[in-house]
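Hello,

The structure we talked about is below. My notes on it follow.

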Protein chains: 2
Amino acid sequence: MILLKDIAAACGVSVATVSKALNGHNDIGPETRERIRKVADNMGYFPNSAAKALKTNRTFNIGVLFADEARSGLTHDFFATVLDSFRRTAEAAGFDITFINSSHAQERSLSYLAHSRYRGFDGVCIACVDFYDPDVVDLVRSELPIVTIDHSFDGKISVVSDNVSGMHDLLHYVYEMGHRRIAYIHGLPSAVTQNRLMSFYRTMAELGLAIPDEYIMEAPYRSTSETRDCTFTLLDLPTPPTCIFYPDDFSALGGYSALQQRKLSVPDDISIVGFDGIRLSRHIAPRLTTYRQDMEQMGRVAAERLIELIEHPKDVIQEPILVPGSVYQGESVARIQ
Amino acid sequence: MILLKDIAAACGVSVATVSKALNGHNDIGPETRERIRKVADNMGYFPNSAAKALKTNRTFNIGVLFADEARSGLTHDFFATVLDSFRRTAEAAGFDITFINSSHAQERSLSYLAHSRYRGFDGVCIACVDFYDPDVVDLVRSELPIVTIDHSFDGKISVVSDNVSGMHDLLHYVYEMGHRRIAYIHGLPSAVTQNRLMSFYRTMAELGLAIPDEYIMEAPYRSTSETRDCTFTLLDLPTPPTCIFYPDDFSALGGYSALQQRKLSVPDDISIVGFDGIRLSRHIAPRLTTYRQDMEQMGRVAAERLIELIEHPKDVIQEPILVPGSVYQGESVARIQ
DNA sequence: ACTGGTGTCGAAAACGTTTGAGACTCGGCG
DNA sequence: CGCCGAGTCTCAAACGTTTTCGACACCAGT
């Protein structure tokens, strides 16, 4: 492990000079700076992040909270994609990504906030968690720079996809395709669910369409068995819908499965609509019609804004950022009449 | 931010004593230790990881290299699941997980190894990368405790799933179901591919089955369009196979899609076999017959062994660990004759 | 009474870096 | 000639821990 001291010795200058030269301070002569840098490179020097962090109170490390609701932390396609994009932008800006957790062996476990302070994260990104968990709220309310994904808190930056226009646009598309009897199996209660559901009701009213009570059902996100059952129920109705909206793309597979079991075909017998636009939706047959959220942009914007907030806490206004998506016209919605 | 110093003042002892009490050294009186611990808890103390790391050369941080081949880093279902399990075990043992990357803003980018040293990782886990990348090889050959996943290096711990018996068992199952004309679309060259392919040839020979050259094809992992094309080619053969093996579960979707386009049914007209056992395979219709790798165990074992290696470098023999899986009998293979 | 051991505790150095306050040199200007 | 400012560079303290070594007290055994 080679240190500032070694470079100083090799160059015949003091450690302070080396440090300043490497950090680009302007009270070092241009030629000595270059000489020092050259030597440092040759010796394969890199700083010790711990020492640097200790002195500067900056770790260039961002904590990511990605809780394991039902073990689907990283395997949650939507969030994994967002996170991946977040990570790439953060890394390009020189930040590393570390997961926040509350384990931490030494008997008494740390809270998310304590863990974040312990590691000295410069900022924190929260996604895919129970936002009502007091431990999460503590973290959000702390003084740390924070950005949340798919959920908004007052006075904090959040990046949310445009669920309202998403549902609006999808419904309009389906309407254009001639559908009038539209059912919606929505996800379990959450801010996201509320927005979509609200938009569903409003848009249906706007289109002058009736919504029989039996057309509104509920199922967990990313579950296929439950949406499968819901689908059967809908099919058995006296007047079944011609099109069914599912909580998300993955759970729409439950619809495919139910229909196939009844020897019905998508979309000829019934049309299916998802939400998310995960990779899968474009690879199943027939391709799923869905609202494609711009996960890449969500992750990127989240990282960009968070870093801005870290670097210039005063200049950035903390408010929700809406990321628009677009209707993906797959093959799962039939034109009827 | 509350420090050792503050606790020391509050307790009327020295910082040294507080440090030792909190770390459980045995040269501190039991009653003072308890007193100090209580006060520390009340004041909400937690250590400063940077200072601790600086002194002890231990970060309790594990680096994970998960490269972005084709942007599918975290969205790679198989590796995401393994990583998630790895992460849970590591965190339970008090280790944090940080991604290794080679960006690092300050103009000249760090190598993976340099980055790992910069952050002072106690150990490193490598998965889902090009193992022939010289930068990766550098990292592997370093003095750091390392575990690799799905690829073995001499003298290093690696956790690999049992591709050989996986292919063997799958073939036997399909044989039992009456299939004799079996095609294999294998993945692009890699250690994993080689093992599976080798096992395929050997087991077919063992079963006394012929393998027409046209039955062996190649397609990238996790691609559906290419496997779709391959499927068409196979179907158009004078004597098409009755069963097709795909590189992995996801790419098997290409098979489903091709068959549906030809108005053929799975498995009545043709049988389909995947490899991996990702979540998806159990949720599509008909359910995919595949070899289910025990990703949870792979991640857990990788973490356990790595931590062992970190804690007791001398006691652990570094060698590959084979994790067995099991044939998952879905609905995509028909019994024939 | 002296020795040796044991059990508690504290002083201080060290880890590798950053940074403000000064020190020195050298021109240029009044 | 003296002074000032600009340009370079160094000193030394500091960040929050851990850890070695020694100090001190107390007790048992001789």
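A salt bridge here is a side-chain nitrogen of Lys or Arg within 4 Å of a carboxyl oxygen of Asp or Glu. Please keep in mind that this is a predicted model.

By that rule, two salt bridges cross the interface of chain B and chain A. One of them links Asp96(B) to Arg119(A), with the closest N and O atoms 2.6 Å apart.

As for the interface totals, 60 residues of chain B contact 60 residues of chain A. The buried area comes to about 5,500 Å², and carbon and sulfur atoms give 51% of that.

The other item is strand β4 (residues 146-149) of chain B. β4(B) pairs in the parallel sense with strand β3 (residues 123-127) of chain B over three bridges, and Cys125(B) stands opposite Val147(B). Three bridges also join β4(B) to strand β5 (residues 157-161) of chain B, again running parallel; there Ile149(B) stands opposite Val159(B). Together with helix α7 (residues 134-140) of chain B, β3(B) and β4(B) make a right-handed β-α-β unit.

In a regular strand the side chains alternate between the two faces of the sheet. In β4(B) both faces are covered: Ile146(B) and Thr148(B) are buried on one side, and Val147(B) and Ile149(B) are buried on the other.

Regards

Conventions. Residues are numbered from 1 along each chain as its sequence is written. Chains are lettered from A and ligands numbered from 1 in the order in which they are written. This is a predicted model: local features need pLDDT of at least 70, side-chain atom pairs count only at pLDDT 80 or more; totals for chains, interfaces and linings use all residues. Side-chain values use heavy atoms; hydrogens and water are left out. Buried means under 20% relative accessible area, exposed over 50%, partly exposed in between (1.4 Å probe, protein chains only). Helices (H or I, at least four residues) and strands (E, at least two) are DSSP runs, numbered from the N terminus. Two strands pair if DSSP finds at least two bridges between them. A crossover is right-handed if, with the strands pointing away from the viewer, the path from the first strand over the helix to the second runs clockwise. Contact means heavy atoms within 4.5 Å. Buried area is the accessible area (1.4 Å probe) that two parts lose on being put together, summed over both.
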